[in-house]
Amino acid sequence: MHTILGAGGAIGSALVTLLCNAGHKVRLVGRNPEKAPGVNQVISADLLDLDKTIAAVSGSSVVYLLVGLPYKTAVWSEQWPVVMHNAIEACKRAQAKLIFFDNVYMYGKVNGPMNEETPFNPCSKKGEIRAQIATTLLQETKAGNLNALIARSADFYGPHVRTSVFNILVFDKFAQKKSAAWLLNDAVPHSFTFTPDAARSLLVLAESETAWNQTWHVPTAAHPPTGKEYIRMVAKEFGVEPNYKILGRLMIKIAGLFIADIRESYEMLYQNDTAYVFDSGKFSKAFNVEPTPYTRGIEFTAAVYAKQ
(Lines give C-alpha, C1' and ligand atoms only; values in the text may rest on other atoms or scores of the structure.)
Protein backbone atom coordinates (compact mmCIF):
# COMPACT_ATOMS: atom_id res chain seq x y z
CA MET A 1 0.00 0.00 0.00
CA HIS A 2 1.33 3.44 -1.00
CA THR A 3 -0.09 6.08 1.33
CA ILE A 4 -0.10 9.79 0.51
CA LEU A 5 -0.31 12.16 3.44
CA GLY A 6 -1.71 15.33 1.88
CA ALA A 7 -2.78 14.51 -1.67
CA GLY A 8 -4.78 17.59 -2.60
CA GLY A 9 -2.05 19.57 -4.36
CA ALA A 10 -0.71 19.37 -7.91
CA ILE A 11 2.10 16.97 -6.99
CA GLY A 12 -0.13 14.64 -5.00
CA SER A 13 -2.86 14.57 -7.64
CA ALA A 14 -0.39 13.69 -10.38
CA LEU A 15 1.28 11.09 -8.17
CA VAL A 16 -2.04 9.35 -7.53
CA THR A 17 -2.53 8.80 -11.26
CA LEU A 18 1.02 7.52 -11.72
CA LEU A 19 0.77 5.09 -8.80
CA CYS A 20 -2.56 3.71 -9.96
CA ASN A 21 -1.29 3.29 -13.53
CA ALA A 22 1.74 1.44 -12.17
CA GLY A 23 -0.54 -1.03 -10.40
CA HIS A 24 0.09 0.09 -6.82
CA LYS A 25 -2.60 0.13 -4.16
CA VAL A 26 -3.14 3.73 -3.08
CA ARG A 27 -4.47 5.27 0.12
CA LEU A 28 -5.16 8.99 0.49
CA VAL A 29 -4.97 10.64 3.90
CA GLY A 30 -5.94 14.19 4.82
CA ARG A 31 -8.43 16.31 6.69
CA ASN A 32 -10.92 16.12 3.84
CA PRO A 33 -9.47 13.84 1.17
CA GLU A 34 -11.39 13.35 -2.06
CA LYS A 35 -11.68 9.94 -3.71
CA ALA A 36 -9.91 9.73 -7.06
CA PRO A 37 -10.22 7.09 -9.80
CA GLY A 38 -8.23 3.97 -8.96
CA VAL A 39 -7.69 4.86 -5.31
CA ASN A 40 -8.26 1.97 -2.91
CA GLN A 41 -8.79 3.83 0.37
CA VAL A 42 -9.54 7.33 1.57
CA ILE A 43 -8.98 8.15 5.24
CA SER A 44 -9.80 11.39 7.03
CA ALA A 45 -7.18 12.06 9.69
CA ASP A 46 -5.58 14.98 11.50
CA LEU A 47 -1.82 14.48 11.19
CA LEU A 48 -1.32 16.55 14.33
CA ASP A 49 -2.85 13.60 16.20
CA LEU A 50 -0.30 10.81 16.68
CA ASP A 51 -2.80 8.01 17.17
CA LYS A 52 -4.77 8.97 14.08
CA THR A 53 -1.57 9.24 12.03
CA ILE A 54 -0.44 5.79 13.18
CA ALA A 55 -3.82 4.33 12.24
CA ALA A 56 -3.78 6.04 8.84
CA VAL A 57 -0.30 4.74 8.00
CA SER A 58 -0.84 1.19 9.29
CA GLY A 59 -0.34 -1.43 6.61
CA SER A 60 1.62 0.88 4.30
CA SER A 61 4.83 -0.03 2.51
CA VAL A 62 5.67 3.48 1.27
CA VAL A 63 4.42 6.78 2.72
CA TYR A 64 4.66 10.15 0.94
CA LEU A 65 4.65 13.24 3.16
CA LEU A 66 3.20 15.90 0.84
CA VAL A 67 1.42 18.01 3.44
CA GLY A 68 0.87 21.68 2.66
CA LEU A 69 0.33 23.68 5.82
CA PRO A 70 -1.06 27.24 5.72
CA TYR A 71 1.71 29.61 4.62
CA LYS A 72 2.18 31.23 8.02
CA THR A 73 5.36 31.17 10.09
CA ALA A 74 3.42 30.79 13.35
CA VAL A 75 1.56 27.76 11.98
CA TRP A 76 4.72 26.20 10.54
CA SER A 77 6.60 26.69 13.82
CA GLU A 78 3.88 24.99 15.83
CA GLN A 79 2.70 22.29 13.47
CA TRP A 80 5.55 21.14 11.18
CA PRO A 81 7.65 19.54 13.96
CA VAL A 82 4.54 17.69 15.18
CA VAL A 83 3.59 16.48 11.69
CA MET A 84 7.14 15.27 11.04
CA HIS A 85 7.37 13.52 14.40
CA ASN A 86 4.03 11.80 13.89
CA ALA A 87 4.86 10.71 10.34
CA ILE A 88 8.20 9.27 11.46
CA GLU A 89 6.67 7.44 14.40
CA ALA A 90 3.83 6.05 12.29
CA CYS A 91 6.28 4.78 9.65
CA LYS A 92 8.45 3.14 12.29
CA ARG A 93 5.48 1.24 13.67
CA ALA A 94 4.26 0.22 10.23
CA GLN A 95 7.81 -0.55 9.04
CA ALA A 96 7.03 1.68 6.08
CA LYS A 97 9.46 3.72 4.03
CA LEU A 98 8.98 7.51 4.13
CA ILE A 99 9.42 10.00 1.29
CA PHE A 100 9.42 13.66 2.36
CA PHE A 101 8.78 16.17 -0.43
CA ASP A 102 10.75 19.26 0.56
CA ASN A 103 11.77 22.70 -0.71
CA VAL A 104 15.04 24.67 -0.61
CA TYR A 105 14.29 27.17 2.15
CA MET A 106 16.85 25.58 4.50
CA TYR A 107 19.73 26.40 2.13
CA GLY A 108 19.26 30.13 2.57
CA LYS A 109 20.89 32.50 0.09
CA VAL A 110 23.32 30.47 -2.01
CA ASN A 111 26.14 31.75 -4.18
CA GLY A 112 26.10 29.26 -7.03
CA PRO A 113 23.98 26.22 -7.90
CA MET A 114 22.13 24.39 -5.12
CA ASN A 115 22.78 20.65 -4.95
CA GLU A 116 22.27 17.86 -2.41
CA GLU A 117 25.52 18.76 -0.64
CA THR A 118 24.59 22.41 -0.12
CA PRO A 119 24.77 23.07 3.64
CA PHE A 120 21.78 24.26 5.63
CA ASN A 121 22.20 27.99 6.23
CA PRO A 122 18.68 29.43 6.48
CA CYS A 123 18.21 33.18 6.40
CA SER A 124 14.46 33.19 7.10
CA LYS A 125 12.21 31.93 9.87
CA LYS A 126 10.50 29.52 7.49
CA GLY A 127 13.91 28.28 6.38
CA GLU A 128 14.86 27.60 10.00
CA ILE A 129 11.74 25.49 10.43
CA ARG A 130 12.40 23.52 7.25
CA ALA A 131 16.00 22.94 8.37
CA GLN A 132 14.75 21.69 11.72
CA ILE A 133 12.32 19.11 10.34
CA ALA A 134 14.69 17.94 7.60
CA THR A 135 17.43 17.47 10.19
CA THR A 136 15.05 15.48 12.37
CA LEU A 137 14.36 13.08 9.51
CA LEU A 138 18.03 12.81 8.51
CA GLN A 139 19.02 11.98 12.07
CA GLU A 140 16.46 9.17 12.18
CA THR A 141 17.78 7.63 8.98
CA LYS A 142 21.39 8.01 10.11
CA ALA A 143 20.53 6.21 13.32
CA GLY A 144 18.97 3.39 11.30
CA ASN A 145 15.54 3.89 12.80
CA LEU A 146 13.74 3.90 9.44
CA ASN A 147 14.30 3.98 5.70
CA ALA A 148 13.45 7.39 4.30
CA LEU A 149 14.53 9.92 1.73
CA ILE A 150 14.09 13.60 1.00
CA ALA A 151 12.92 14.60 -2.48
CA ARG A 152 13.67 18.29 -2.80
CA SER A 153 12.19 20.63 -5.41
CA ALA A 154 12.89 24.14 -6.62
CA ASP A 155 10.04 26.61 -7.01
CA PHE A 156 7.60 24.91 -9.33
CA TYR A 157 5.17 25.55 -12.15
CA GLY A 158 2.85 23.45 -14.26
CA PRO A 159 -0.77 22.58 -15.04
CA HIS A 160 -3.40 22.99 -12.31
CA VAL A 161 -0.92 24.61 -9.90
CA ARG A 162 -2.67 27.11 -7.65
CA THR A 163 0.20 28.19 -5.40
CA SER A 164 3.06 28.75 -7.86
CA VAL A 165 4.20 32.37 -8.08
CA PHE A 166 5.15 31.74 -11.71
CA ASN A 167 1.63 30.50 -12.48
CA ILE A 168 -0.06 33.30 -10.54
CA LEU A 169 2.00 36.21 -11.88
CA VAL A 170 2.53 35.08 -15.47
CA PHE A 171 0.34 32.21 -16.71
CA ASP A 172 -2.81 33.39 -14.93
CA LYS A 173 -2.37 36.96 -16.14
CA PHE A 174 -1.66 36.16 -19.78
CA ALA A 175 -4.53 33.66 -19.81
CA GLN A 176 -6.77 36.60 -18.84
CA LYS A 177 -5.15 38.87 -21.45
CA LYS A 178 -3.67 41.02 -18.70
CA SER A 179 -0.13 42.24 -18.05
CA ALA A 180 2.10 39.85 -16.16
CA ALA A 181 4.43 40.60 -13.24
CA TRP A 182 7.80 39.44 -11.92
CA LEU A 183 9.39 39.69 -8.51
CA LEU A 184 12.32 42.07 -7.96
CA ASN A 185 14.75 41.19 -10.74
CA ASP A 186 13.91 39.95 -14.24
CA ALA A 187 17.56 39.77 -15.34
CA VAL A 188 18.77 36.80 -13.27
CA PRO A 189 18.19 33.07 -13.95
CA HIS A 190 15.63 31.28 -11.79
CA SER A 191 15.08 27.51 -11.76
CA PHE A 192 11.55 26.11 -11.77
CA THR A 193 10.59 22.44 -11.41
CA PHE A 194 7.85 21.22 -13.75
CA THR A 195 5.25 19.54 -11.49
CA PRO A 196 4.72 16.44 -13.69
CA ASP A 197 8.48 15.82 -13.47
CA ALA A 198 8.36 16.12 -9.68
CA ALA A 199 5.50 13.62 -9.43
CA ARG A 200 7.22 11.14 -11.75
CA SER A 201 10.40 11.39 -9.72
CA LEU A 202 8.58 10.34 -6.55
CA LEU A 203 7.43 7.14 -8.24
CA VAL A 204 10.96 6.45 -9.52
CA LEU A 205 12.40 6.95 -6.04
CA ALA A 206 9.71 4.83 -4.37
CA GLU A 207 10.37 1.91 -6.70
CA SER A 208 14.17 2.11 -6.37
CA GLU A 209 16.05 -0.18 -3.99
CA THR A 210 19.08 2.09 -3.81
CA ALA A 211 17.56 5.57 -3.39
CA TRP A 212 16.82 5.36 0.32
CA ASN A 213 18.45 7.30 3.16
CA GLN A 214 19.61 10.04 0.81
CA THR A 215 18.52 13.46 -0.39
CA TRP A 216 17.54 13.86 -4.04
CA HIS A 217 16.92 16.99 -6.07
CA VAL A 218 14.00 16.15 -8.34
CA PRO A 219 14.52 16.59 -12.10
CA THR A 220 14.66 20.27 -12.99
CA ALA A 221 15.86 21.67 -16.31
CA ALA A 222 19.37 23.11 -16.30
CA HIS A 223 20.38 26.55 -17.56
CA PRO A 224 17.24 28.33 -16.32
CA PRO A 225 16.03 31.42 -18.19
CA THR A 226 15.73 34.87 -16.68
CA GLY A 227 12.40 36.38 -15.72
CA LYS A 228 12.34 38.40 -18.92
CA GLU A 229 12.94 35.26 -20.99
CA TYR A 230 10.24 33.29 -19.16
CA ILE A 231 7.72 36.02 -19.80
CA ARG A 232 8.52 36.12 -23.50
CA MET A 233 8.10 32.35 -23.79
CA VAL A 234 4.76 32.30 -21.98
CA ALA A 235 3.43 35.32 -23.89
CA LYS A 236 4.28 33.60 -27.17
CA GLU A 237 2.22 30.54 -26.18
CA PHE A 238 -0.79 32.70 -25.33
CA GLY A 239 -0.41 34.87 -28.42
CA VAL A 240 -0.12 38.09 -26.42
CA GLU A 241 2.44 40.86 -26.07
CA PRO A 242 5.00 40.21 -23.29
CA ASN A 243 3.85 43.14 -21.19
CA TYR A 244 4.77 43.00 -17.52
CA LYS A 245 5.82 45.02 -14.52
CA ILE A 246 8.46 44.45 -11.85
CA LEU A 247 7.16 44.15 -8.30
CA GLY A 248 9.71 45.85 -6.04
CA ARG A 249 10.25 45.40 -2.33
CA LEU A 250 8.36 48.55 -1.35
CA MET A 251 5.34 47.63 -3.44
CA ILE A 252 5.33 44.10 -2.00
CA LYS A 253 5.68 45.38 1.55
CA ILE A 254 2.74 47.73 1.14
CA ALA A 255 0.62 44.95 -0.37
CA GLY A 256 1.58 42.78 2.59
CA LEU A 257 -0.16 45.20 4.91
CA PHE A 258 -3.45 44.06 3.40
CA ILE A 259 -2.79 40.50 2.17
CA ALA A 260 -1.46 37.93 4.64
CA ASP A 261 0.12 35.58 2.09
CA ILE A 262 2.14 38.43 0.58
CA ARG A 263 3.22 39.55 4.04
CA GLU A 264 4.33 35.99 4.85
CA SER A 265 6.33 35.71 1.62
CA TYR A 266 8.31 38.92 2.15
CA GLU A 267 11.16 37.19 4.03
CA MET A 268 11.64 34.85 1.07
CA LEU A 269 12.35 37.60 -1.47
CA TYR A 270 16.09 36.90 -1.24
CA GLN A 271 15.33 34.04 -3.65
CA ASN A 272 14.35 36.52 -6.34
CA ASP A 273 16.95 39.27 -6.32
CA THR A 274 19.94 37.11 -7.36
CA ALA A 275 20.46 33.92 -9.37
CA TYR A 276 18.48 30.93 -8.10
CA VAL A 277 19.91 27.82 -9.75
CA PHE A 278 18.87 24.28 -8.81
CA ASP A 279 21.09 21.33 -9.78
CA SER A 280 19.37 17.94 -10.20
CA GLY A 281 22.27 16.22 -11.95
CA LYS A 282 22.51 13.49 -9.30
CA PHE A 283 19.00 12.25 -10.12
CA SER A 284 19.51 12.36 -13.88
CA LYS A 285 22.77 10.42 -13.62
CA ALA A 286 21.39 7.79 -11.23
CA PHE A 287 18.13 7.09 -13.04
CA ASN A 288 18.84 8.24 -16.60
CA VAL A 289 15.90 10.64 -16.37
CA GLU A 290 16.05 14.04 -18.04
CA PRO A 291 13.81 16.90 -16.91
CA THR A 292 11.30 18.49 -19.25
CA PRO A 293 12.86 21.47 -21.09
CA TYR A 294 11.36 24.83 -20.16
CA THR A 295 10.02 25.37 -23.67
CA ARG A 296 8.03 22.12 -23.57
CA GLY A 297 6.84 22.59 -19.99
CA ILE A 298 5.60 26.09 -20.74
CA GLU A 299 3.92 24.94 -23.95
CA PHE A 300 2.14 22.12 -22.12
CA THR A 301 1.03 24.34 -19.22
CA ALA A 302 -0.29 27.03 -21.55
CA ALA A 303 -2.24 24.38 -23.50
CA VAL A 304 -3.95 23.23 -20.30
CA TYR A 305 -4.90 26.84 -19.53
CA ALA A 306 -6.37 27.13 -23.01
CA LYS A 307 -8.65 24.16 -22.35
CA GLN A 308 -9.97 25.54 -19.08
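## A buried aromatic pair

Trp216 and Phe287 are both buried. This is a predicted model, and these two residues are a handy place to start looking around. Their rings form a tilted aromatic pair, 5.1 Å from centre to centre and with 50° between the planes. Trp216 belongs to strand S10 (residues 215-217) and Phe287 to helix H11 (residues 281-287), so their pairing ties together parts that are 71 residues apart in sequence.

Tyr157 sits in strand S7 (residues 156-157), while Phe192 is in the loop between S8 and strand S9 (193-194), so here the tie is between parts 35 residues apart in sequence. How buried are the two? Tyr157 has a relative accessible area of 0%, and Phe192 has 6%, so each falls under the 20% cut-off for buried.

Tyr157 and Phe192 also belong to one aromatic cluster, whose members include Phe166, Phe171, Trp182, Phe194 and Tyr230. Lys126 lies over the face of Tyr71, 4.9 Å from the ring centre, and the charged end of Arg130 sits over the ring of Trp76, at 5.3 Å from its centre.

## Strand S8

Trp182, from that cluster, is part of strand S8 (residues 180-183). Ala180 and Trp182 point one way from the strand, Ala181 and Leu183 point the other way, and all of them are buried. S8 pairs with strand S11 (residues 244-247) in the parallel sense, over four bridges. Ala180, for one, has Tyr244 as its bridge partner in S11.

## Two loop residues

Now for a couple of loops. Ser60 is in the one between helix H2 (50-57) and strand S4 (62-65). Is Ser60 buried or exposed? With 4% relative accessibility, Ser60 counts as buried. Its side chain makes polar contacts with the side chains of Thr3, at 2.6 Å, and Arg27, at 3.4 Å. Leaving out residues up to four places away in sequence, Ser60 touches Met1, Thr3, Arg27, Ala94 and Ala96.

Cys123 is in the loop between strand S5 (97-102) and helix H4 (125-142). Cys123 has a relative accessible area of 43%, so it counts as partly exposed. Beyond its neighbours within four places in sequence, Cys123 is in contact with Gly108, Lys109 and Tyr270.

Key: Residues numbered from 1 in each chain as written. Predicted model: local features only at pLDDT ≥ 70, side-chain atom pairs only at ≥ 80, totals over all residues. Heavy atoms only, no water. Buried < 20%, exposed > 50% of the residue type's maximum accessible area, 1.4 Å probe, protein only. Pairing = 2+ DSSP bridges. Contact = heavy atoms within 4.5 Å. Polar contact = N/O pair within 3.5 Å; in protein donor to acceptor, adjacent residues only side chain to side chain. Phe/Tyr/Trp six-rings, centres within 6.5 Å; stacked < 30°, edge-to-face > 60°. Lys NZ or Arg CZ within 6 Å of the ring centre and 35° of its normal.
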